[in-house]
Amino acid sequence: MLSTLSLLLVTTALSVVMLLVLSSLSGSKVAGIREWGQANALAILGLLFFASRGVLPEVLSIELANALYLATVALMYVGFRRHLGLPVPFRLLWAGGTAALAGVVFFHFGPESLSMRISSVSVYHAAVCFAIFASVPPTPERRLRYSFSFTRIAALSLGVGHTFRGLFYIVDAYEPVSLLDPAAINLAFFAIGTLFMPGLTLGAVMMANARVLSETAYAADHDHLTGAPTRRAFFEVAGRELARARRQAGSVGLLLVDADHFKRINDTYGHGVGDQVLRDLVQRIMGVIRKNDFCARLGGEEFAVLLPDTSMETALVAAERLRAALDRSAQAPGAGAPYTVSIGLAMLEPGEEFDSLMQRADAALYAAKEAGRNRVMRAQALPRQGVKAAGRA
């Protein structure tokens with residue numbers, strides 16, 4: 001038969017499991033993991049003290065148990081705020097927790113009322129749950145959306161549950177005989193209190209795991225130096241764009257951008273300045289291209305810009321605008337190393353494969369270098385038989 005004691009023990013076991021799961025994520029350096037782990041460790045102690053009612057002195061099973069559980073509630077909130085990079089209102093947390101514990105002490109040693117003790121902590125629990133709900137925003141990022149939504153729903157539901165729990169006991173609608181009273185209404189409200197930690201910790205674990213996966217995917221698809229997408233990510237996007245262009249009879253342009261005399265920059269100014277040139281180059285490219293264009297670092301000082309739904313005339317204008325934006329040959333002293341870029345432009349032809357498009361753009365880039373650098377060169381069109389051969393590949 002279900003009882004409050006069995007609920008306490010089951011919740012304690014769940015907190016142990018959650019603590020072990022959080023410990024496995026501790027090496028990920030995801031913010032909030034430490035606080036969530038500390039919260040579950042304190043919850044285990046608090047729940048065991050609650051379960052010891054009638055065995056240990058009441059100061060341990062009432063005051064200490066509630067103090068520990070109030071601390072777990074605060075730590076969970078701190079963990080979510082840290083995870084989201086938000087400031088933590090420690091003074092407000094401390095004041096609310098102290099007031100809730102003062103209510104527990106007062107209604108234990110003063111006019112004793114278990115109902116009012118429950119109400120005191122329920123108000124604090126509800127406030128923190130609503131604060132967590134308000135702190136965790138809806139997110140459009142696909143990898144994070146489910147975990148964020150789950151946490152928001154869990155926090156809101158628990159906040160509403162604790163609100164009703166607190167109000168129910170404030171109006172003295174029911175005066176339980178003891179904390180471990182097996183009456184159905186007491187079991188229902190007791191479950192709301194004890195399931196706070198497992199519910200929110202599950203949301204925290206989901207958010208942490210989603211963050212780890214998101215950061216891992218980002219690291220795999222982005223260059224660590226410049227933040228630009230990697231060669232692998234570029235070819236994935238290019239494959240999708242080419243398939244779409246074929247379905248819709250659209251056009252695709254490709255720019256290959258290469259920093260001129262980059263070895264000379266490294267030799268003259270040092271590799272640190274060379275790295276800064278690459279970062280500056282990417283930042284300027286991102287400031288010039290359209291939102292639906294895609295820029296990636298192919299390797300070294302070479303970058304690619306994919307131009308979907310672009311005519312030859314528009315691509316030439318974009319390439320010249322990009323070259324002008326990256327002409328830092330008149331860089332002021334102390335503002336960084338001067339540099340320019342050469343750009344090769346190729347337009348996808350009917351039936352052409354992406355490897356062929358890349359080869360033509362690379363040939364145009366080489367021609368721009370040979371012609372004196374700091375210029376845009378357009379790739380030659382494929383011969384008619386070349387187009388047919390590419391279409392059969």
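Modeller: Start with Cys 295. Its relative accessibility is 2%, so Cys 295 counts as buried. Keep in mind that this is a predicted model. Cys 129 is buried as well, because its relative accessible area is 0%. Neither cysteine belongs to a disulfide, as the structure holds zero of them.

Now the charged pairs. Side chains of opposite charge can pair when their charged atoms come close. The structure holds 17 salt bridges. Take Arg 297 and Asp 223. Their closest N and O atoms are 3.0 Å apart, and the two form a salt bridge. Arg 297 lies in strand E2, which spans residues 294-299. Asp 223 sits in the loop between helix H8 (196-221) and helix H9 (231-248). The partners are 74 residues apart in sequence, so this bridge ties together separate parts of the chain. Where do the two side chains stand on accessibility, buried or exposed? Arg 297 has a relative accessibility of 14%, which means it counts as buried. Asp 223 is buried too, because its value is 12%. The cut-off for buried is under 20%.

A second bridge joins Asp 260 to Lys 369, with 2.9 Å between the closest N and O atoms. It also links distant parts of the chain. Asp 260 is in the loop between strand E1 (252-259) and helix H10 (262-269). Lys 369 belongs to helix H13, residues 354-370. The separation is 109 residues. Both Asp 260 and Lys 369 are buried.

The loop between E1 and H10 holds another residue to check, His 261. Most residues other than glycine have a negative phi. His 261 has a positive phi of about 50°, yet it is not a glycine. Its relative accessible area is 35%, which means that His 261 is partly exposed. Asp 309 repeats the pattern: no glycine, and a positive phi of about 50°. Asp 309 is in the loop between strand E3 (302-308) and helix H12 (312-325). With a relative accessible area of 46%, Asp 309 is partly exposed.

Back to the bridges. Arg 117 and Glu 112 meet through their side chains, at 3.9 Å from N to O. That falls inside the 4 Å limit, so the pair counts as a salt bridge. Glu 112 is exposed, because its relative accessible area is 57%. Elsewhere, salt bridges link Arg 34, Glu 35 and Arg 82 in a network.

At 11% relative accessibility, Asn 66 counts as buried. What does Asn 66 touch, leaving aside its neighbours within four places in sequence? The contacts are Phe 50, Leu 101, Val 104 and Val 121.

Key:
Residues numbered from 1 in each chain as written. Predicted model: local features only at pLDDT ≥ 70, side-chain atom pairs only at ≥ 80, totals over all residues. Heavy atoms only, no water. Buried < 20%, exposed > 50% of the residue type's maximum accessible area, 1.4 Å probe, protein only. Helix = DSSP H or I, 4+ residues; strand = E, 2+ residues; numbered from the N terminus. Contact = heavy atoms within 4.5 Å. Disulfide = S-S within 2.5 Å.
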